[in-house]
Amino acid sequence: MFVVKKIVALFLYPVGLCLGILILGLFCLWATRRQRLGKVLVTLGTVLLLLLSLPFFSRQTLTPLERRYPALLHPETVSWGAESSTSPRWIVVLGGGHVSDPRLPANSQISAPALGRVVEAVRLHKALPGSKLLLSGGAVFDPVPEAEVMSQIAVLLGVKPQDIRLES
């Protein structure tokens with residue numbers, strides 16, 4: 001059941017769906033007599049992949065979702081609810097990819113989205129007294145856990161090591 005779930009989920013993503021249509025079309029072109037169906041499928045897969053890759057489509061899809069959750073521009077002025085008279089205790093930062101290379105500084109070893117997450121977490125940490133950073137990211141494709149690299153960056157940006165916890 002797990003394998004079936006993963007295969008079905010693959011075709012629910014735009015790239016997986018387009019590649020599935022393209023592969024089916026190529027199969028029809030090369031392995032069957034249904035040349036016309038193969039041409040239609042290859043054309044459909046290519047056009048669909050092109051349309052879904054355009055910034056217009058992603059903007060139209062993501063903007064309504066992003067607007068539902070506005071950015072936390074002034075965290076020090078937010079009321080955190082009746083049950084808590086203090087600001088949040090933890091700021092959780094999820095990993096986003098890295099390649100460890102001891103010849104490079106830590107901020108050059110992680111992906112741009114991951115670096116943006118760390119910088120935003122440090123901004124929130126400085127605005128919310130008493131908060132701690134929980135950095136998440138293991139050693140999946142690299143021997144060095146991503147949480148450690150993010151920790152090095154947070155320290156470089158002025159966070160005290162005792163305010164950082166790692167989930168590697």
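Guide: In this predicted model, a residue is called buried when its relative accessible area is under 20% and exposed when that area is over 50%, with partly exposed in between. By that definition Gly16, Cys18, Ile21, Leu22, Gly25 and Cys28 are buried in H2, and what covers the buried residues of H2 includes helix H1 (2-10) and helix H3 (35-53).

Visitor: Why is Leu128 called buried?

Guide: Leu128, which lies in the loop between helix H5 (112-127) and strand E2 (132-136), has a relative accessibility of 4%; because buried means under 20%, Leu128 counts as buried.

Visitor: What makes Lys132 and Asp163 a salt bridge?

Guide: The definition asks for a side-chain nitrogen of Lys or Arg within 4 Å of a carboxyl oxygen of Asp or Glu, and the side chains of Lys132 and Asp163 meet at 3.1 Å, N to O, so the pair qualifies as a salt bridge. Lys132 lies in strand E2 and Asp163 in the loop between helix H6 (146-156) and strand E3 (164-167), so the pair ties together parts that are 31 residues apart in sequence.

Visitor: How do you know whether Asp101 is buried or exposed, and what of Arg103, its salt-bridge partner?

Guide: Asp101 has a relative accessible area of 17%, and since buried means under 20%, Asp101 is buried; Arg103, with 73%, is exposed because the cut-off there is over 50%. The closest N and O atoms of the two are 3.0 Å apart, and with the limit set at within 4 Å, this pair therefore also counts as a salt bridge.

Key:
Residues are numbered from 1 along each chain as its sequence is written. This is a predicted model: local features need pLDDT of at least 70, side-chain atom pairs count only at pLDDT 80 or more; totals for chains, interfaces and linings use all residues. Side-chain values use heavy atoms; hydrogens and water are left out. Helices (H or I, at least four residues) and strands (E, at least two) are DSSP runs, numbered from the N terminus. Buried means under 20% relative accessible area, exposed over 50%, partly exposed in between (1.4 Å probe, protein chains only). Contact means heavy atoms within 4.5 Å.
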